[in-house]
Amino acid sequence: MLNQIAFYLFGSISIICGLGVVSASNPIYVVLWLLGALIAISGIFFSAGAELLGALQLMVYVVAIAVFYILIITAVPWRKLHKNEQHNRLIGVTVLPFIALLYVEAFIVGISGVSITKNKIIETITKNYGNAEVIGIKLFSTYFWAFELMSVLLLISMIGAILLGRKEEKTYD
Amino acid sequence: MIKKVFEKPLNFLETILFLDFIKGMSITIKQAFTKTITTHYPYEKLTPPKRFRGFFGHKTVNGLEPQPAFDEWVERMKIEPRPGQSRCVVCYLCKKACPVPDLFEIDGQKLENGKKVVSVFNMNLMLCTFCGLCVDACPVDCLFQSDIHETASFSRKDSILNLEKLEAIGKSWQDRREHEPDRIWIDDDARQALWRENKLNLKKVDNA
Amino acid sequence: MSIVALGIIIAIKVVVILAIILGIGAYLTLVERKVAAHIQRRPGPMVVGWHGLLQPLADGIKLLTKEDILPSSANQVLYNLAIIMALVPASLVFAVVPFGPEIHVFGYDVKPILTDVNIGIIMAFAFGSLAVYGVALSGWASNSKYALIGALRKAGIIISYEVVITFAALGPIMLAKSLSTYDIVMAQIHQKVWYIFLQPISFVVFVFALLAETGRVPFDIQEAEAELVTGFTVEYGGMKFGLFPLVEWYVEVLSLSSILTVLYLGGWSPINIPFVGFVDPLFFLGPWSGFIWFIIKVTILFLLVLWLHWTLPRYRIDQITTIAWKVMLPLALFNILITAFIAPLLRG
Amino acid sequence: MAYIGLLSLLAVMLGLSVVLISLNWLLGPKKKEPYKTYPYECGVPLYDDTAQTTFHQGYYILGLLLLLFDIEVAYLFPWAVVYNYLGIFGFIEVFLFLLILTFGLVYAWKKEALDWQFDLESL
């Protein structure tokens with residue numbers, strides 16, 4: 001019961017914040033709405049019992065948005081932005097039907113009662129062990145190959161970030 | 001003789017053990033447990049030295065004027081010297097010497113016997129830099145800088161010194177300090193007790 | 001346990017945390033001023049109350065009765081939101097700090113920790129890094145160059161040390177096999193060793209990161225008084241100005257010191273002889289001695305931070321980021337490798 | 001259930017901060033003076049009318065690297081908890097994981113991406 005109240009609370013907060021993201025015109029407000037939405041989503045994770053996921057979401061996304069936020073503060077040409085007041089709300093509204101499709105899908109799934117946890121296996125496991133232990137054991141035994149691939153993926157993105165971000169004097173001489 | 005110019009750089013072991021941190025921190029912790037060396041200002045005050053350059057004042061005619069300069073200038077400017085009043089001879093030399101002459105407002109008043117006395121002497125200390133050039137220029141040792149250093153006031157009017165204020169400052173200074181021997185500090189014992197590390201062995205002078 | 005009792009217990013815990021933030025946080029200003037003064041051989045505040053004991057109250061009243069000024073070109077919403085975003089996450093860290101062992105009062109077993117969850121340490125780091133928003137927002141919203149530069153410097157420090165602090169904390173987590181703050185302390189008590197003895201490298205790295213995240217010397221570049229006046233707080237006045245140092249210098253230092261105590265100094269456990277046991281000179285206090293030990297440890301850490309503050313000069317901003325990425329991060333990675341070898345040796 | 005305490009603390013702190021912010025407005029004097037709300041810039045007239053412009057900050061690559069390392073540490077948290085159950089297998093796994101990522105760190109180091117990125121035009 002309490003979990004359901006928390007779910008609806010955080011869900012509605014995240015929807016409101018999401019609307020804020022698409023309707024705000026100032027990039028700073030966009031980022032702050034996004035932060036609110038992501039905190040609310042991690043709240044949804046917590047209310048569903050996925051504590052580790054929620055906490056990691058909080059940690060990673062908070063930092064991620066902080067970085068994004070710093071880049072916005074320093075890189076957006078504010079003067080130009082203040083002159084050019086028009087904001088493409090119309091285009092935003094035309095996208096809405098397509099997003100609504102997603103909600104229809106979610107609604108159908110909810111009606112037809114698809115469940116990913118058969119026989120409440122996960123619940124019984126999380127009762128005996130903590131959330132982190134379950135994820136750890138699953139990740140490092142069954143899915144260890146995916147885990148190793150993750151490191152390669154992270155390496156590639158690291159190299160990409162450096163190559164894109166750093167201006168070298170003699171790159172294309 | 002070999003002079004030590006700067007410290008030798010730390011080697012690797014000293015760096016990872018934070019020896020330079022520890023050296024600095026041992027100094028600060030030693031200082032933290034020694035006695036404090038300050039005066040508790042509003043309750044305890046140090047007397048400034050006699051030559052301190054504080055607020056201005058006018059010395060009064062009391063028989064200690066520099067002679068023969070005072071008599072010569074009184075003669076020349078046709079001044080009536082009045083005992084107990086300002087020595088000023090209205091020569092305007094202080095105004096001439098000042099880097100900001102607008103600071104001074106000086107005027108004399110003719111008496112019935114044809115002689116003159118100073119009637120207006122205003123100094124706007126908002127403009128003053130306390131450089132002391134006017135004091136050097138004064139030929140009769142009238143204008144001087146007293147030991148008053150608490151110059152804060154609640155309104156800008158208070159920072160303009162007029163003749164009465166200048167004379168009052170001068171009188172009080174003459175009462176307190178005119179006969180004091182001319183030296184840097186007057187309370188060496190108290191001061192040395194306060195600054196225990198100050199190894200200056202100043203000669204004892206009895207304040208007559 | 002009935003719902004009423006649960007509510008009362010939670011209310012008491014919240015009140016205790018509020019008292020820590022407002023009362024102790026305010027009084028630490030006096031402690032800081034006294035320590036700073038004595039290191040510089042002056043007595044510090046002496047007028048208000050005996051040896052200045054009422055000074056924080058006087059300061060608080062003064063700050064509250066100042067005029068509420070909004071800078072003419074500031075963004076009003078963000079200008080005020082920044083204070084909330086600085087204060088709230090910093091104080092939420094206290095929710096996962098265990099202040100002492102489980103005690104038995106009025107027939108209830110009470111753990112002196114507001115939310116005892118099995119991911120507590122991640123929550124602490126997440127809330128700690130949320131604090132960057134308050135600073136960065138205040139700098140941008142007050143629309144002053146000094147504030148903006150200070151805020152960006154603070155963001156640079158957080159960006160560098162956020163990853164270092166989490167990597168450093170992995171060592172004790174591996175030894176304790178738990179992410180719950182309460183369980184980490186219990187593991188240290190069961191294994192009869194404070195993790196500072198097994199993790200000296202990680203401890204040093206964590207102390208550095210603590211100083212950096214809280215903006216203490218030698219990392220106080222964001223409010224470098226000599227060059228940026230006070231950095232991001234330059235346009236704030238009155239209580240709004242008072243809250244920023246309260247959060248940055250006292251609440252964050254206290255919360256991160258508590259986390260450090262939990263991770264490395266055995267939380268509420270008394271003096272430790274590694275692998276032998278604990279010696280408790282305060283045994284006569286019974287279960288309450290744990291609280292005293294926790295307070296003593298955090299106090300010592302706070303005094304250490306102050307001592308460093310009034311000893312060291314400050315780094316330049318590029319030196320700070322370079323130290324984080326080229327010294328501290330490799331050290332933390334190396335520490336994880338070492339810990340991977342010694343962790344299986346610790347059973348129990 | 002454990003999070004009720006956290007949420008109540010959140011609510012209390014939000015209320016407290018709003019109260020503390022508004023107390024100044026209630027208790028303080030309100031005098032209008034022409035230059036009171038002028039932004040601070042050492043007492044001289046402003047050089048630029050706003051501070052919200054583009055600004056060169058030297059750590060943008062570090063920000064991107066921070067993201068990647070944060071994701072990495074997110075994987076290491078569950079590993080650190082279950083490390084003792086996994087035995088030598090878990091050690092080798094994470095050793096490889098960290099090795100590959102340390103290569104990334106070394107690459108960044110060699111490419112001078114860990115240094116402060118000075119504004120080349122202004123130098």
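Figure 1. B:Glu80 is partly exposed, with a relative accessible area of 27%; buried means under 20%, exposed over 50%, and partly exposed in between (1.4 Å probe, protein chains only). This residue lies in the loop between helix H3 (69-77) and helix H4 (93-97) of chain B. Helices (H or I, at least four residues) and strands (E, at least two) are DSSP runs numbered from the N terminus. Not counting residues up to four places away in sequence, B:Glu80 touches B:Leu111, B:Asn113, B:Lys115, B:Lys116 and B:Val117, where contact means heavy atoms within 4.5 Å. With B:Asn113 there is a side-chain to side-chain polar contact of B:Glu80 at 3.1 Å. A polar contact is a pair of N or O atoms within 3.5 Å; within protein, one must be able to donate a hydrogen and the other to accept it, and residues adjacent in sequence count only if both atoms are side-chain atoms. B:Gly114 is 34 residues from B:Glu80 in sequence, and their C-alpha atoms are 9.3 Å apart.

This is a predicted model in which local features need pLDDT of at least 70 and side-chain atom pairs count only at pLDDT 80 or more, while totals for chains, interfaces and linings use all residues. Residues are numbered from 1 along each chain as its sequence is written, chains are lettered from A and ligands numbered from 1 in the order in which they are written, and side-chain values use heavy atoms, with hydrogens and water left out.

**Figure 2. Interface of chain D and chain C.** The contact takes 81 residues from chain C and 63 from chain D. About 6,500 Å² is buried between these chains, 75% of it on carbon and sulfur atoms; buried area is the accessible area (1.4 Å probe) that two parts lose on being put together, summed over both. The rule finds 7 residue pairs in polar contact across this interface (both at pLDDT 80 or more). Helices H1 (3-27), H2 (60-86) and H3 (88-110) of chain D each supply at least two residues of its side that touches chain C. H1(D) gives the most to that side, with 19 residues.

**Figure 3. Interface of chain D and chain A.** Here 53 residues of chain D meet 47 residues of chain A. The buried area is about 4,300 Å², and carbon and sulfur atoms give 75% of it. D:Leu68, D:Tyr75 and D:Glu93 supply 12% of the area that chain D buries against chain A, more than any other three residues. H1, H2 and H3 of chain D each supply at least two residues of the side that touches chain A, and the largest share, 22 residues, comes from H2(D).

**Figure 4. Nonpolar cores.** A nonpolar core is a set of buried Ala, Val, Leu, Ile, Met, Phe, Trp, Tyr and Cys residues joined through side-chain atoms within 4.5 Å. The largest core has 196 residues, of which C:Tyr161, C:Phe167 and C:Trp325 touch the most other members. Helix H5 (residues 145-176) of chain C gives the most to this core, with 19 residues. Beyond four places in sequence, the contacts of C:Tyr161 include C:Phe208, C:Phe219, C:Ile320 and C:Met328. A second, separate core of 30 residues includes B:Val74, B:Cys98, B:Val118 and B:Cys138.
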